Amino acid sequence: MSVLIAPSILSADFGRLADDIRAAVDAGADWIHVDVMDGHFVPNITIGPGVTKAVRAATDVPVDVHLMIERPELYAAAFAEAGADVITVHQEACPHLHRTVQQIQELGVKAGVAINPATPVETLSEVLAYVDLVLIMTVNPGFGGQAYIHSCTDKVARVRESLAAVGRTEVDVQVDGGVDASTAPSVVDAGANVLVAGSAVFNHPKGIAVAIDALRGAIMKAS
């Protein structure tokens, strides 16, 4: 399974968002990741379907929407209509998680489920047979630029093992938080195949292209 790079626009320059997205894609980004926060589920407020629609207009690569919000089932259709190819919701925010996954898939969109650093992998056991993506948060969600929580690497491996146990080896395992050239090899070795990187890409001192080249080089070093 090839490893995909999904730069998060959370760290992009919103005054030139389309230019930053195109620069990332031109440099080899595979997906564009959109972090949606509501100020309730996480302590920050970011963007909504309108910006997602602008992201969709700026690129042809998959648009990967991560809903860090309460009651995501109320908003999934709006993000699907805005052009999302993947919509990920949090296990912690969905009391009826299986139903929400089904709802997203019925919209013609891939459905992902995310867990926070303190949430056990085992809480996903009943939905692994149905999801298209599992996202392991490797920082506490809400803000970009945080340091990778190294104890989460083992969670990545356990998710990949759990997926294999139910015959779902094709499911994407995504990692989000503190991913850069120094942490990428370990998460890939653990079984992640989609790497979200915000600050490491859009805030790199040598520019977006150099940042993505560094990530790609680090991925190649994974065993």
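Which residues on the other side of H8 are exposed? I started my notebook with that one, and the answer is Asp 213 and Met 220. For my own bookkeeping, buried means under 20% relative accessible area, exposed means over 50%, and partly exposed lies in between, with a 1.4 Å probe and protein chains only.

**Ground rules**

I am working with a predicted model, where local features need pLDDT of at least 70, side-chain atom pairs count only at pLDDT 80 or more, and totals for chains, interfaces and linings use all residues. Residues are numbered from 1 along each chain as its sequence is written, and side-chain values use heavy atoms, with hydrogens and water left out. Helices (H or I, at least four residues) and strands (E, at least two) are DSSP runs, numbered from the N terminus.

**Entry: the sheet**

I traced the strands next. Eight of them form an open sheet in the order S1-S8-S7-S6-S5-S4-S3-S2, with parallel pairing; two strands count as paired if DSSP finds at least two bridges between them. Strand S1 (4-7) and strand S2 (32-37) are at the edges with a single partner strand each, so one side of each has no neighbour in the sheet. On average, neighbouring strands are turned by 25° against each other, direction ignored. For angles, axes are lines fitted to C-alpha atoms, for helices over the stretch in contact, and the values run from 0 to 180 degrees between N-to-C directions.

**Entry: strand S6**

How many residues of strand S6 (residues 133-137) are buried? I found five of the five, so S6 is largely enclosed by the rest of the structure. Leu 133, Leu 135 and Met 137 point one way, while Val 134 and Ile 136 point the other way.

I then looked up the partners of S6. Strand S5 (residues 110-115) pairs with S6 in the parallel sense over four bridges, and there Ile 115 has Ile 136 as its bridge partner. S6 and S7 pair in the parallel sense over five bridges, with Gln 174 in S7 as the bridge partner of Leu 135. Strand S7 (residues 172-176) and strand S8 (residues 194-197) are joined in the parallel sense by three bridges.

**Entry: helix H8**

Helix H8 (residues 208-220) packs on the sheet and touches S1 and S8, its direction making about 150° with that of S1. I checked its length: 13 residues reach 18 Å from first C-alpha to last, close to the 18 Å expected at 1.5 Å a residue. The expected span is 1.5 Å times one less than the number of residues.

Its buried residues are Ile 208, Ala 211, Ile 212, Leu 215, Ala 218 and Ile 219. Down the axis of H8 these fall within an arc of 120°, so they line one face of the helix; the arc is that of the directions from the helix axis to the C-beta atoms. They pack against S1, helix H1 (17-26), helix H6 (184-190), S8 and helix H7 (199-202). Contact here means heavy atoms within 4.5 Å.

**Entry: helix H1**

The buried residues I noted in H1 are Leu 17, Asp 20, Ile 21 and Ala 24. They cover an arc of only 100° around the axis, which puts them on the same side of H1. Their cover includes S1, S2, H2, H7 and H8. After H1 comes Gly 28, whose phi is positive, near 115°.

**Entry: salt bridges**

How many salt bridges does the structure hold? I read eight, each one a side-chain nitrogen of Lys or Arg within 4 Å of a carboxyl oxygen of Asp or Glu.

- Asp 20 and Arg 16 meet at 2.4 Å, N to O; Asp 20 is buried at 5% relative accessible area, whereas Arg 16 is partly exposed at 40%.
- Asp 30 and Arg 216 meet at 3.0 Å, N to O. This pair links distant parts of the chain, 186 residues apart: Asp 30 sits in the loop between H1 and S2, and Arg 216 in helix H8.
- Asp 154 and Arg 158 have their closest N and O atoms 2.8 Å apart. They are four residues apart in helix H5 (residues 153-165), so about one helical turn separates them. Salt bridges with shared partners join Glu 122, Asp 154 and Arg 158 into one network.
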